[in-house]
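I opened this notebook page to record what I looked up in the model, starting with a pocket and then moving on to a pair of residues and the overall fold.

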Amino acid sequence: PDPLSMLRLRVAFRWPILSRSYAAEAKSRRGTQVRVVRDSDLLKIVQDPERVGTNWDYDVELAAFGNRIGFKVDTPEARDLLRVAFTHKSVAVKSEAEEQETFQKSSGHNERLALLGSTVTSHFVTEWLYVTYPNLPADGIRDIKSFLTERGALSAVGESLGVKDLVLTQHSLYKKPEKHKVVSGGLLAIVGAIHYKQGSLFSRSFVHDFILSQLAGQDLTQIVKLMHPKFMLKKLLEEK
């Protein structure tokens with residue numbers, strides 16, 4: 001058989017343990033002053049209106065989501081930060097004039113958090129690949145990082161976590177390009193919110209648990225475009 005067919009690298013994750021000794025870093029920081037979408041607007045915006053009953057409470061849904069991922073919605077500032085992470089620009093800004101006003105006050109949509117989350121995610125993914133595969137060349141690291149962080153992959157992770165159900169947007173999420181853009185942006189904004197509020201230990205744990213875990217069972221030879229496959233196969237097998 002082709003030597004490359006032997007190379008099915010299964011990921012062995014080292015799950016970080018968050019002990020009480022990290023309480024100082026995990027302590028909530030001062031919340032930003034943000035414009036948030038209020039409940040009166042939600043019925044017009046949520047993507048699955050059939051899911052919204054008369055007793056539906058968006059803040060309760062946010063708190064439940066936060067509990068699932070380890071984000072503490074324990075203060076009004078934390079709740080508003082999570083709301084902003086789920087608020088697409090199409091909802092918060094409806095005109096150029098409002099965009100300028102929003103910029104002058106503070107961001108009421110998730111672009112800034114998504115930028116922070118994108119940087120954090122890229123860092124932790126690259127760091128993990130660098131440490132886990134010391135013989136993998138830079139191009140290979142880039143290929144795997146791109147596989148994990150492209151919009152479609154992030155959108156799939158976000159959808160599995162329920163981001164699609166809670167994200168506030170005026171765009172239709174039944175078309176893949178728009179869905180991928182909005183849901184992946186929401187997921188990255190959540191990473192940014194975790195990093196800002198709870199620190200790098202928790203954001204690293206989130207990236208490891210939900211993004212890097214997508215490598216489990218993947219055949220990396222289908223992802224990495226090796227220039228010298230036999231040489232790299234030998235090197236990688238030597239690591240085992």
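Which element supplies the largest share of the lining of the second largest pocket? I found that α11 does, with six residues.

I note first that the model is predicted, so that local features need pLDDT of at least 70 and side-chain atom pairs count only at pLDDT 80 or more, whereas totals for chains, interfaces and linings use all residues. Residues are numbered from 1 along each chain as its sequence is written, and side-chain values use heavy atoms, with hydrogens and water left out.

Entry on the pocket. I looked up the volume of the second largest pocket and got about 250 Å³, a volume being the space filled by probe spheres set on grid points that are joined across faces, edges and corners. Its lining has 14 residues, of which H88, A114, R151, K181 and G185 are the closest to the centre. A pocket here is an open set of points on a 1 Å grid over the protein atoms alone, where a 1.4 Å probe fits, with protein on both sides within 12 Å along at least five of seven lines, and lining residues have an atom within 4 Å of a point. I also see that α7 (111–132), α9 and α11 each give at least two residues to this lining; helices are DSSP runs of H or I with at least four residues, strands are runs of E with at least two, and both are numbered from the N terminus. Sorted by class, the lining holds four nonpolar, six polar and four charged residues, where Ala, Val, Leu, Ile, Met, Phe, Trp, Tyr, Cys and Pro count as nonpolar, Asp, Glu, Lys and Arg as charged, and the others, Gly among them, as polar.

Entry on two residues. I placed S155 in helix α9 (residues 151–161) and K176 in helix α11 (residues 176–198). S155 is buried at a relative accessible area of 1%, while K176 is exposed at 57%; buried means under 20%, exposed over 50% and partly exposed in between, with a 1.4 Å probe and protein chains only. Leaving out residues up to four places away in sequence, S155 touches K179, H180, V183 and S184, a contact meaning heavy atoms within 4.5 Å. Between K176 and S155 I read 21 residues in sequence and 9.5 Å from C-alpha to C-alpha.

Entry on the whole protein. I count 13 helices and zero strands, and buried residues make up 44% of the 240 residues.
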